[in-house]
Amino acid sequence: MLWEDFINSYWRDWRTGDKNKDRDELEDPEWIAKWLKKHALLETQLPNTIELEQLKKLRSLLGDWVQAIVQGKSMDGEMLKQLNIYMDKGPVTRRMIWKSAEQAEISLLPLHSGWEQVMAEIAASFAEAMLEKEPSRFRICENPDCLWVYYDDTRNRSKRYCDDKACGNLMKVRRFRARKKAEKGSE
Ligand SMILES: [Zn+2]
């Protein structure tokens, strides 16, 4: 999902938690180009300094919301208002397009390129997820050095880490070591 990729553009070194290794992908032209392409966004220019600040502001807003949702908060009037402010700046037009050889569908196409339109698309993707998906499945990786945001689509809603092989294993090892240390201490 667009909003997920966007929030996760702030990368933390999940192995060591070394803050010096934090990486903001929004400042990486290559990452931006790949991300725009992946989500079929029309913008071709890199964000300027002001737009970059606006993007970071939106990212931290969405990050705060996800954190609140993980803690049980649901959509409220303030969230609605903020999302509408972002979405107002990215108007869309309706167009019929071919979905396959025989089937057409109505599609919403952005009217403009530009970063305000991109931010409107991000806000819309978050709004859609809130309405059409299950916000109770929004997750933040339980590795405190990672904090990756993802959607838990497992049957029993049990996905605690972004990746069981990466953060899941790492945390298992950490718990094991902590237990060993505690045992040693009590001997
Ligand atoms: Zn993780």
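Biologist: What volume does the largest cavity have?

Modeller: This is a predicted model, in which local features need pLDDT of at least 70 and side-chain atom pairs count only at pLDDT 80 or more, while totals for chains, interfaces and linings use all residues. Residues are numbered from 1 along each chain as its sequence is written, and side-chain values use heavy atoms, with hydrogens and water left out. Rolling a probe the size of a water molecule over the atoms shows where empty space is left. A cavity is a set of points, on a 1 Å grid over the protein atoms alone, where a 1.4 Å probe fits but cannot get out; points are joined across faces, edges and corners, and the volume is the space filled by probe spheres set on them. Here the largest cavity has a volume of about 50 Å³, and the count comes to 1 cavity of 30 Å³ or more.

Biologist: Which residues line the largest cavity?

Modeller: Lining residues have an atom within 4 Å of a point. They include L41, L42, E43, P110 and H112. Helix α5 gives the most to this lining, with 3 residues; helices are DSSP runs of H or I with at least four residues, strands runs of E with at least two, numbered from the N terminus.

Biologist: How many aromatic pairs does the structure hold?

Modeller: Rings of Phe, Tyr and Trp (its six-membered ring) pair if their centres lie within 6.5 Å; planes under 30 degrees apart count as stacked, over 60 as edge-to-face and the rest as tilted. The structure holds 8 such pairs. One of them joins W3 and F138, which are tilted at 40 degrees with centres 4.9 Å apart. This pair links W3 in helix α1 (residues 2-7) with F138 in strand β5 (residues 138-140), 135 residues away.

Biologist: Are W3 and F138 buried or exposed?

Modeller: Buried means under 20% relative accessible area, exposed over 50%, and partly exposed in between (1.4 Å probe, protein chains only). Both W3 and F138 are buried. W3, W65, F126, F138 and Y151 form one aromatic cluster.

Biologist: Which residue lies over the face of Y151?

Modeller: A charge sits over a ring if NZ of Lys or CZ of Arg is within 6 Å of the ring centre and within 35 degrees of the ring normal. K133 lies over the face of Y151, 5.1 Å from the ring centre. Over the face of Y150 lies K159, at 5.3 Å.

Methods
1 Å grid on protein atoms, 1.4 Å probe; cavity = no way out; pocket = protein on both sides within 12 Å on 5 of 7 lines; lining within 4 Å.
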